[in-house]
Amino acid sequence: MTLPATLQFDPATLQLRLDPHDAAFFQDPYPTYARLQAQTPVFYWEDFGTWCVASYEGVNRALRDRNFGREKPGGYVDYVSRSGDRSHLADFDAVEARSMLELEPPVHTRLRTLVNRAFVSRQVERLRPRVEELAHELIDGFEAKRPVDLIPAFATPVPIVVICEMLGVPVEAGPQLLDWSHRMVAMYMHGLTREIEADANRATAEFSAFIRDHARAKRAAPADDLLSLLNSAHENGEKLTEDELVASAILLLNAGHEATVHQTGNAIRTILKQGGDPRRFFTDAAMTAATVEECLRFDAPLHMFNRFAATDCEIAPGVSVKAGERIWLMLGAANTDAAAFADPLVFQPGRADQKNVSFGAGIHFCIGAPLARLEMQASLKMLFERLPGLRLAEEPRYRDTYHFHGLERLVVE
């Protein structure tokens, strides 16, 4: 078990010092999680300036506890008005303030109900043939017997094409959408600079204009897509404003590919690391689903997710937080907690204790979970059935983007 050199933990005060940019940590955070969990279910991570919950029981409970919400104290607009000069983030803040991910009921309920129509399992299942077709096309495009990086060649195109087609925006715009998304998502990383913030704001402004233009076109010529559905809700007086429509579309495009790209890459790496014939993990629909679920637990794409306390409360015996205080829920640690999973660092599809929290829980459970599961089931099964001799051409390395956890490259042959 290799621990990062920057790791310092004081059991008496529960204070943790650990540079999240330490390669020994972000390349393999699981030994650190295990060491911390053996000593405490919570710790104060000085580098983030917040309390963190690392146990499965604590994370699962907090995700479902309405006392811990996503909405910032006083509401987003009031919160940012009290956090210093954010004039350079006006466009970013305008979208975030209307994102269902940052809101609580009743506004969250209204927005989620409208968007959820397109993401229920029976609707998503209709997309399986399209995902299979797309996976076939991408595999056909690999150069025979030559190394290929599966992140841009496979993991990225599947979710971005699918979400573009669902929303009804041009698939050809995919590279531009990816660029905007990456620049916006940088706002959630550790070590923000003014330059990163300004760049994220520019990306948000351009992304918003793109969605507004396409939403207006859909109003003139509706089609069978999600953007037309959201337009219809706006037109029928269901209280979906154009700003809310823009924020919802951006959220779906960002969330609809960012985590799935990471998870697909992580899953391919995980399966190849098991050795042997990878087709054994995809023998039928039940085994395929179990394999994908274990990939979600074993090496999740998102390792931290924040909440705000609505009232003064305890997050662990003797550890209190005040109303409005932020806490971080350690999803990656929870998924590999030895107190909740037998042999947590062993890959076991079909395990009896499968209960990962990679998609969250409670009212903010990931709205795109059925779609992400389907995309992975269809694309991974296709990949390994067609290329059972696939092997790693180099050791994959993770990106320095903690709390997101995804590969820089995944070169195979």
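This dialogue walks through some features of a predicted model and how each one is read.

Q: Which residues count in this predicted model, and how are they numbered?
A: In this predicted model, local features need pLDDT of at least 70 and side-chain atom pairs count only at pLDDT 80 or more, while totals for chains, interfaces and linings use all residues. Residues are numbered from 1 along each chain as its sequence is written, and side-chain values use heavy atoms, with hydrogens and water left out.

Q: What is an aromatic pair, and how many are there?
A: Rings of Phe, Tyr and Trp (its six-membered ring) pair if their centres lie within 6.5 Å; planes under 30 degrees apart count as stacked, over 60 as edge-to-face and the rest as tilted. By this rule there are 18 aromatic pairs. One of them joins Phe-25 and Trp-45, which are edge-to-face with 6.0 Å from centre to centre and 85 degrees between the planes.

Q: Where in the chain do Phe-25 and Trp-45 lie?
A: Helices (H or I, at least four residues) and strands (E, at least two) are DSSP runs numbered from the N terminus. Phe-25 belongs to helix H1 (residues 23-26) and Trp-45 to strand S3 (residues 42-45), so that this pair links distant parts of the chain, 20 residues apart. Phe-25 and Trp-45 are each buried, a word that stands for under 20% relative accessible area, with exposed meaning over 50% and partly exposed in between (1.4 Å probe, protein chains only).

Q: How do Phe-298 and Phe-347 pair, and where do they lie?
A: The ring centres of Phe-298 and Phe-347 are 5.6 Å apart and their planes stand at 75 degrees, so the pair is edge-to-face. Here too the pair links distant parts of the chain, with Phe-298 in helix H16 (residues 285-298) and Phe-347 in the loop between helix H17 (331-334) and helix H18 (369-386), 49 residues apart. Phe-298 and Phe-347 are both buried.

Q: Which residues form an aromatic cluster?
A: One cluster is formed by Phe-25, Tyr-30, Tyr-33, Phe-43, Trp-45, Phe-48, Trp-328 and Tyr-402.

Q: Which charged end sits over the ring of Phe-341?
A: A charge sits over a ring if NZ of Lys or CZ of Arg is within 6 Å of the ring centre and within 35 degrees of the ring normal. The charged end of Arg-297 is placed in this way over Phe-341, 5.3 Å from the ring centre, and Lys-355 also lies over the face of Phe-341, at 5.5 Å from the centre of the ring.

Q: What is a cavity, and what lines the largest cavity?
A: On a 1 Å grid over the protein atoms alone, a cavity is a set of points where a 1.4 Å probe fits but cannot get out, whereas a pocket is an open set with protein on both sides within 12 Å along at least five of seven lines; lining residues have an atom within 4 Å of a point. Grid points are joined across faces, edges and corners, and a volume is the space filled by probe spheres set on the points. The count comes to one cavity of 30 Å³ or more, and the largest cavity has a volume of about 50 Å³. Its lining includes Leu-63, Arg-64, Phe-68, Glu-104 and His-364, and the elements that give two or more residues to this lining are helix H3 (56-64) and strand S5 (68-69).

Q: What lies nearest the centre of the second largest pocket?
A: The second largest pocket, with a volume of about 340 Å³, is lined by 13 residues, of which Arg-126, Leu-127, Met-166, Asp-224 and Asp-225 lie nearest its centre. Helix H10 (157-167) and helix H13 (226-235) are the elements that give two or more residues to this lining, and the largest share, three residues, comes from H10.

Q: How many disulfides are there, and why does Cys-52 form no such bond?
A: A disulfide is a covalent bond between the sulfur atoms of two cysteines. The rule used here asks for a pair of cysteine sulfur atoms within 2.5 Å, and a search of the whole structure finds zero disulfides. The closest cysteine sulfur to that of Cys-52 is in Cys-313, 15 Å away, which is too far for a bond, and Cys-52 counts as buried because its relative accessibility is 0%.

Q: Where is there a cis peptide bond?
A: A cis peptide bond, with omega of about 5 degrees, joins Pro-105 and Pro-106, and Pro-106 is found in the loop between helix H5 (90-96) and helix H6 (107-116).
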